[in-house]
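Open your viewer and keep the selection tool handy. We will walk through this model stop by stop, and at each one you will hear what to select and what is there.

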Amino acid sequence: MRCYISFLILLLVFMGANSTFGVEKTPAAQIDDSLKIDSSDTEEIPAAAETIQPVYPMSPERSEMLASYSRHRNSWRFLSFFIDVILLVIVLYTGLSGRLRRWAEAISRKKYFVYFFYTMFFFIVMFILGFPVSYYLGFVVEHDYGFSNQTFSEWFVESLKFLGVSFIFAFILISILYWLINKTRHWWLYFAIGMLPFAVLLIIIVPVFVAPLFNKFEPLQNETLAVEMRGLAEKAGIHDPDIFQVNASKQSKKLNAYFTGMFNTKRMVLYDNIIEALSVNELKYVMGHEIGHYKMNHIWKGLMLALVMIFAAAFLADRILPRIIRRNSFRFGFNKLGNIAGLPLLILFMTVFEFFSQPVSNGLSRYFEYQADEFGYRLSEVSVDNARVVFEKLSAYNLSDPEPSPVIEFWFYDHPALSKRIENIQKLNENMPPGV
Ligand SMILES: [Zn+2]
């Protein structure tokens, strides 16, 4: 599911990474998720989950599960990259992409109709080719480790919805991109600049209009908690934000929360799972952290880096790809960069570029996380133990490895290792006890 939205991912990396409290994203890149022990309806409880053992503190069995989950995820970080690359290479070198364009032209010769149908066919092909992997990672594995609360049909319908939404955004983006490539030699420059308003639009639209397509957002039910949350926001100078709880347990048991705000939309979102798993003080710490991202403009700063990266990637693509196309035009079934059938080649290039540049973006993201952790600690004025328990619960509930290998952390983690986040807060506490 990842590769064909890699354009968007470059942009969304920061929105996704920095606006959520949770650990890093799941390989399936679904919307990040949460935890709940009993299911609200009387539906039957899956056999694996029914040993009603507390998730936190972790039992030895759960620690073992954590180790195995993290080993599994680490190998798939590489595997899914290689699979994305291989699928795109297949689509290109078999001439399939060229054929998709001809099919699109058979429907209409008008340029934007060709773009529309080509993009649609390409998405469908990639969805089908990538299906075994996304089914395995997004459904089988999430069930094996007891995260998923979805039946196959719920999961499948949601994947289709996700496909539809990404198709709409991608079509707009692709139309702009190919219009520029065919219009000017400096398309890479204008494209990078043009990304800014597009990204801002996405940042505004996604939480308000897209997220509710997948989950129900309702006002926070717990009044005491709502008062605390409002107080916290007020203390940070944010007046009257919308505070929502979202039924994330519909999909998954993982914990998360976020705060989004741009212009007039300011919304605090707590997953139902996290409300159940954390105490009021722990939730205050989490929301303090989220508010920290907002107050320190992490979204804007992240966006700036993403734009620089897109600029660099597009510039390199402009220099390198025409040569590759010239050499392979017979096989590819197209002979210039401005041909829509070259889309898989562009995405392939972006996928590889993203893979090798992610230590940079992840490094910045981890730095932001430390800043937000410290901000949250000061703002919420909770005890260092509250903060520590939050990180330990995240590790226990989300099965995230508190001490990954430094190489894995450096390359793939957009949040610092949980053990380091705990250490950081403890150090901060020694240097500056709360209330000073
Ligand atoms: Zn964060």
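Start by colouring by pLDDT, which is the predictor's confidence in each residue, from 0 to 100. This is a predicted model, so local features need a pLDDT of at least 70 and side-chain atom pairs count only at pLDDT 80 or more, while totals for chains, interfaces and linings use all residues. Residues are numbered from 1 along each chain as its sequence is written.

**Stop 1: confidence**

The chain averages a pLDDT of 88, and 87% of the residues score at least 70. Now select residues 1-19, where the pLDDT is below 50; beyond near neighbours in sequence, this stretch has 62 contacts in the model. Two residues are in contact if their C-beta atoms, placed from the backbone, lie within 7 Å. Next select residues 23-50: here too pLDDT stays under 50, and the model has 59 contacts for them beyond four places in sequence.

**Stop 2: the sheet**

Helices (H or I, at least four residues) and strands (E, at least two) are DSSP runs, numbered from the N terminus. Two strands pair if DSSP finds at least two bridges between them.

In what order do the four strands of the open sheet lie? The order is E1-E2-E4-E3, with mixed pairing. Strand E1 (217-219) and E3 are at the edges with a single partner strand each, so one side of each has no neighbour in the sheet.

Go across the sheet pair by pair:

- Select E1 and strand E2 (residues 242-246): they run antiparallel and are joined by three bridges. Glu218 stands opposite Gln245 in E2.
- Select E2 and E4: they pair in the parallel sense over five bridges. Asp242 stands opposite Arg267 in E4.
- Select E3 and E4: six bridges join these antiparallel strands. Tyr258 has Val269 in E4 as its bridge partner.

**Stop 3: the cores**

A nonpolar core is a set of buried Ala, Val, Leu, Ile, Met, Phe, Trp, Tyr and Cys residues joined through C-beta atoms within 7 Å. A residue is buried if 20 or more other C-beta atoms lie within 10 Å of its own, exposed if 12 or fewer, and partly exposed in between, with C-beta atoms placed from the backbone.

Select Ala257, Leu270, Ile274, Val286, Met287, Ile291 and Val390: of the 43 residues in the largest nonpolar core, these touch the most other members. Elements giving two or more residues to this core include strand E3 (257-262), strand E4 (265-271), helix H9 (280-295) and helix H12 (384-398). H12 gives the most, with seven residues.

Zoom in on Ile291. Leaving out residues up to four places away in sequence, Ile291 touches Leu232, Ala233, Ala236, Ile238, Phe259 and Leu379. Apart from this core lies another, of 42 residues, among them Ala104, Met309, Phe334 and Ile340.

**Stop 4: backbone details in the loops**

Select Tyr56 and Pro57: the peptide bond between them is cis, with omega near -5 degrees. Pro57 sits in the loop between helix H1 (6-18) and helix H2 (60-93).

Move on to Asn297, in the loop between H9 and helix H10 (298-332). Asn297 is not a glycine, yet has a positive phi of about 55 degrees. Is Asn297 buried or exposed? Asn297 is exposed, with 12 other C-beta atoms within 10 Å.

Finish at Glu381, in the loop between H11 and H12. Glu381 has a positive phi of about 55 degrees although it is not a glycine, and counts as partly exposed, with 15 C-beta neighbours inside 10 Å.
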